[in-house]
Amino acid sequence: MALFGRRNKKNHEEPAPPVEPEQVPEPVGPQLPPVDAQGLRSMEDHRDFVLSLIDELPPFGQQLLDAIDLSLCEDVISELDLPGFDNSAMDGYAIQTPDVVGATDQDPAVLAVVGEIAAGQTATHRLSPGTAMKIMTGAPLPEGADAVVKYEDTDRGTDDVLVYAEVAQGANIRRRGEDLAAGTVVLTTGDRLHSGGIGLLAAIGMDKVMVRPRPRVVVIATGSELVDPGTELQHAGQIYDSNSFLLAAAAKEAGAQVFRVGQVSDDPDEVRQLIHDQLVRADLIITSGGVSEGDHDVIKDVMPTMGWCDFAKVAMQPGKPQGFGLIGDDKVPMIMLPGNPVSSFVSFEAFVRPVIRKLMAAEPYVRTAVPAISSTDIVSVPGKRQFARGVVSLDDQDQRRVRWVGEHGSHLLGDLARANGLIVLDEEIEHVTAGDVVPVWQFGED
Ligand code: AMP
Ligand code: MG
């Protein structure tokens, strides 16, 4: 029987040796961060892990006005002198200074006016001794002139002009290259472009620059209870979708180009189809809802079928359930946030904002916490990073103070609208007493 059995094996192969335990292939995907005794991952570990899986977007040529706030990916060298030619700083007369030596109100110099140069024009001939040319601000200095006397020191004559004051050589002349010389590096890689930089680029003749583009961020809210604002709620149990607006607004403030898709039901097929359709235009997808332990946590069910996913419990409050994935053939990053509005907002601040900033190469990726004196007592859950909504202001002595608003409930959206910062309390803190200094992430600051 044994021989007969072997004969029937394909190609008469020897049976494969049993797989040794150490030969079992590693699960696909990156090494996950450690967890504590409660199975929780620290907030920093989760954020750093997610950031480690994000690459900065490749440089892209943008029109100047589309490059505001973006990071430059090239050193810009001016090919031009600025100004490009000697020109007048005043409306007045181009003259030769020896002609006005000793001129006063009582004893003015008299010069023949031999021409007029407006901005954009050039003089047709050289200025000779004893003559003057009317010249406007920004117009090129005629050859032979060595100063400009301003209108206020003349009688504004048209055939002859009376000059009532001496002027020094070079007076009221803006010299070629005195702002910057051709060959100067005017902006460097990594600089963020603001209006001044945009103006300078235009001044040296550039209409496009290489920058990290604005990340295209798709925002989706999951939940069969959600209804678009602006329409009627049909029955009890329905609520307006606030998260897709909250997250879209926050992503925009962080610098992203946002596509707010809005709400989708908890139906797995609908979610799968919608996300599949969005992949093509997304550098990052953000969803809210469906990542906790409920029966209809659709994101948790569907997304592992579409790519590599990591669902973690993070030691923070609010915002414990977090998901991250690399979805589809292009491994589009996807951050899956919890559905409670405050949880989703805090999670945005903790994880999504740094990711958007990294995609844009806009450092610092992580907000810098600033110290503030707490004007209130605050209670905090031990073992978790606590995020409390705060209203930050400066007191009479210019000291930064923060007032805790509302409670810790992750559904309390009313307080979020008043807050202009998040008070960030370390895991070991159980109680803050009024007067203690606490770290704050202040919105509107880096
Ligand atoms: P989930 O994480 O999907 O279990 O949702 C948690 C809670 O947040 C539930 O009370 C949801 O109704 C609420 N919620 C989820 N998504 C949204 C949203 N887009 N806007 C407002 N509330 C939401
Ligand atoms: Mg839900």
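What is the handedness of the crossing of α2 and α7? In this predicted model, the crossing of these two helices is right-handed, and the views below begin with that packing.

**View 1. Packing of helix α2 against helix α7.** Helix α2, which spans residues 43-52, and helix α7, which spans residues 341-359, have axes that come within 10 Å and cross at roughly 30°. Because angles under 35 degrees count as roughly parallel, α2 is described as roughly parallel to α7. On the α2 side the contact is made by Met43, His46, Arg47, Val50 and Leu51, and on the α7 side by Ala350, Phe351, Pro354, Val355 and Lys358. By residue class, this contact of α2 with α7 comprises 7 nonpolar, 1 polar and 2 charged residues.

**View 2. Packing of helix α4 against helix α7.** Helix α4, made up of residues 243-253, packs with α7 at an angle of about 30°, and the axes of the two helices are 10 Å apart. The two helices α4 and α7 are therefore roughly parallel to each other, and α4 passes α7 in a crossing that is right-handed. Asn243, Leu246, Leu247, Ala250 and Ala251 of α4 meet Pro341, Ser344, Phe345, Phe348 and Ile356 of α7. The residues of this contact divide into 8 nonpolar and 2 polar, with no charged residue.

View 3. A polar side-chain atom of Asp241 is placed 2.8 Å from a nitrogen atom of the ligand, while a backbone N or O atom of Asn243 lies 3.3 Å from a nitrogen atom of ligand 1. The backbone also takes part at Gly290, where an N or O atom lies 3.0 Å from an oxygen atom of ligand 1. Asn243 belongs to the contact of α4 with α7 as well, on the α4 side.

**View 4. Cis peptide bonds at Pro83 and Pro318.** Leu82 and Pro83 are joined by a cis peptide bond with an omega of about -15°, and Pro83 sits in the loop between β2 (76-77) and β3 (87-88). The peptide bond from Gln317 to Pro318 is likewise cis, with omega near -5°, and Pro318 is found in the loop between β18 (316-317) and β19 (321-327).

**View 5. Backbone of Asp69.** Asp69, a residue other than glycine, has a positive phi, with a value near 75°. Its place is in the loop between β1 (60-63) and β2.

How values were computed. Residues are numbered from 1 along each chain as its sequence is written. Chains are lettered from A and ligands numbered from 1 in the order in which they are written. This is a predicted model: local features need pLDDT of at least 70, side-chain atom pairs count only at pLDDT 80 or more; totals for chains, interfaces and linings use all residues. Side-chain values use heavy atoms; hydrogens and water are left out. Axes are lines fitted to C-alpha atoms, for helices over the stretch in contact, and angles run from 0 to 180 degrees between N-to-C directions. Helices (H or I, at least four residues) and strands (E, at least two) are DSSP runs, numbered from the N terminus. Angles under 35 degrees count as roughly parallel, over 145 as roughly antiparallel, 65 to 115 as roughly perpendicular and the rest as oblique. A crossing is left-handed if the near helix is turned anticlockwise from the far one by less than a right angle, and right-handed if clockwise. Contact means heavy atoms within 4.5 Å. Ala, Val, Leu, Ile, Met, Phe, Trp, Tyr, Cys and Pro count as nonpolar, Asp, Glu, Lys and Arg as charged, and the others, Gly among them, as polar. A polar contact is a pair of N or O atoms within 3.5 Å; within protein, one must be able to donate a hydrogen and the other to accept it, and residues adjacent in sequence count only if both atoms are side-chain atoms.
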